[in-house]
Amino acid sequence: MKEAHGDPRPHASGGPEGADVALASPLVAVAARNVGGANQAGVRLYNERLLLSLVRRFGPLSKIEVARLTGLSVQSTSAIMNRLQADGLLKREAPLRGRVGQPTIPMSLDPEGAYSFGLKIGRRSCELVLVDFRGAIRQRAHRAYAFPTPTMILDFVQGSLPSLSTSLSASQKRRIAGLGVAAPFQLWNWEAEIGAPPGAMNAWRRFDGESEIAAVCPYPTTLCNDATAACAAEFFFGRCWRYRDFLYFFIGEFLGGGLVLDGALRPGRTGNAAALGSMPIMTKSIGGAAPQLIACASIYQLERRLEAAGIDASSVWATPDSWGEFGSQLDNWIEESASALAYASVAAISIIDFEAIVIDGEMPAVVRERLTARTAQVFAGLDRRGLSEAEIVPGGIGADARAIGGAALPLIKNFARDREVLFKDAMNQAS
């Protein structure tokens, strides 16, 4: 997937490679403050991941640009980038000519540097995607159902993995980092909302998703809450890496969330951090039990509105890129959802002063933009005295966020910047 962040890269001020570099935008200045390399022995892995993260975020960068961003010497930067190129993770782009001195040679992520599978388990369908190192979907398989069962998911994985990988050569297959699974937690709790027969979802109570899917998969397998995985897609492949701290709403059939703090995805103690769908919401009505956010801002609520108006609700999924015919039912759903999201956002920033609230979902881009804009309007009118400001912005991945986020998990594990890698060798030796 092409990153949608424009071109905030630094640019050379002229002169031979090794000369100073001017920062082209405040975004780069922020990045320079928030990341830092080190020349000491023992931090090679961290510095390699740091350089990969910068190239992923800003696009093609020259060695001198990376040196300026990280504070590493040009010699160290050159050695690391040459090593990453030899490993097939970076590739050279065309030299930039027309400046004083030697032309600079930017380097970008090699899309064939690594591959990963992402499995999304949804309430109405499951999907398996193969993505490359840049996050572009190379292959996909899809299966729809009335409601999911573990047996159905295992059969789908076993049948789809071989066919998706046939497009890769033998050398490319050796670069598959793993399978990431994005699945809702406690599926059995939503039996009535899904419309499954009583007791049909109980098999999920006994299903150990990570180990049982790993048993039918030849690659390392990682399981994550589906909304957290969607947040990972936005953070790793999308445009919200700009924010060091943000809260993420993903609106699908139901609603979930994700959390990024201090520039890192935070799944939480049990993997269920930012379970925003379960947040109680007191909106315009007073008295009675507060409904959960999932009952106020989920697509199944739009389906109910359509059914009540005599409109075929299946068209929500049959025409996922166009909801133009839903008229007042869509307008009313946006209004109710925006109000609930705005109240939830105020509650969230009273605990953590997020830079941004990100709204994404399984909906047309124009609907996502309308919902985000209306949420921002309602948010601006609420009593926020004593709270920090936060931007409310749309996500950039959309309906594929959960599947792509699943695929992002093995890539994050193997290639993302992680300060813990500075200490792992020492910890292993100590143990």
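This is a predicted model: local features need pLDDT of at least 70, side-chain atom pairs count only at pLDDT 80 or more; totals for chains, interfaces and linings use all residues.
Colleague: How many helices and strands does the chain have?
Modeller: The chain has 15 helices and 14 strands. Both are DSSP runs numbered from the N terminus: helices are H or I with at least four residues, strands are E with at least two.

Colleague: And what share of the residues is buried?
Modeller: Of the 431 residues, 52% count as buried. Buried means under 20% relative accessible area, exposed over 50%, and partly exposed in between, with a 1.4 Å probe and protein chains only.

Colleague: Which residues of H13 are buried?
Modeller: They are Val 367, Arg 368, Leu 371, Thr 372, Thr 375, Val 378 and Phe 379. Seen down the axis of H13, these buried residues fall within an arc of 130 degrees, so they line one face of the helix. The arc is taken from the directions from the helix axis to the C-beta atoms.

Colleague: What is on the face turned away from that buried side?
Modeller: That face of H13 carries the exposed residues Val 366, Gln 377 and Gly 381.

Colleague: What covers the buried residues of H13?
Modeller: The cover includes strand S10 (246-251), helix H12 (327-349), strand S13 (356-361) and strand S14 (391-394). Contact here means heavy atoms within 4.5 Å.

Colleague: Changing topic, how many aromatic pairs are there?
Modeller: A search of the whole structure finds 10 aromatic pairs. One of them joins Phe 133 and Phe 415 edge-to-face, at 5.0 Å centre to centre and 70 degrees between the planes. Rings of Phe, Tyr and Trp (its six-membered ring) pair if their centres lie within 6.5 Å; planes under 30 degrees apart count as stacked, over 60 as edge-to-face and the rest as tilted.

Colleague: Where do Phe 133 and Phe 415 lie in the chain?
Modeller: Phe 133 is in the loop between strand S6 (125-132) and strand S7 (137-144), and Phe 415 is in helix H14 (residues 401-415), so the pair links parts of the chain 282 residues apart.

Colleague: Are those two buried or exposed?
Modeller: Phe 133 counts as buried because its relative accessibility is 1%, and Phe 415 counts as buried at 18%.

Colleague: What sits over the ring of Phe 133?
Modeller: The charged end of Arg 56 does, 4.9 Å from the ring centre. A charge sits over a ring if NZ of Lys or CZ of Arg is within 6 Å of the ring centre and within 35 degrees of the ring normal.

Colleague: Which residues touch the most other members of the largest nonpolar core?
Modeller: Of its 48 residues, these are Leu 51, Leu 52, Leu 90, Phe 133, Phe 246, Tyr 248 and Leu 411. A second, separate core of 43 residues includes Leu 247, Ala 273, Cys 296 and Ala 342. A nonpolar core is a set of buried Ala, Val, Leu, Ile, Met, Phe, Trp, Tyr and Cys residues joined through side-chain atoms within 4.5 Å.

Colleague: Lastly, where is Asn 225?
Modeller: Asn 225 belongs to strand S9 (residues 221-225) and is buried, with a relative accessible area of 9%. Its contacts, not counting residues up to four places away in sequence, are Ala 183, Pro 184, Phe 185, Gly 257, Gly 271 and Asn 272.

How values were computed. Residues are numbered from 1 along each chain as its sequence is written. Side-chain values use heavy atoms; hydrogens and water are left out.
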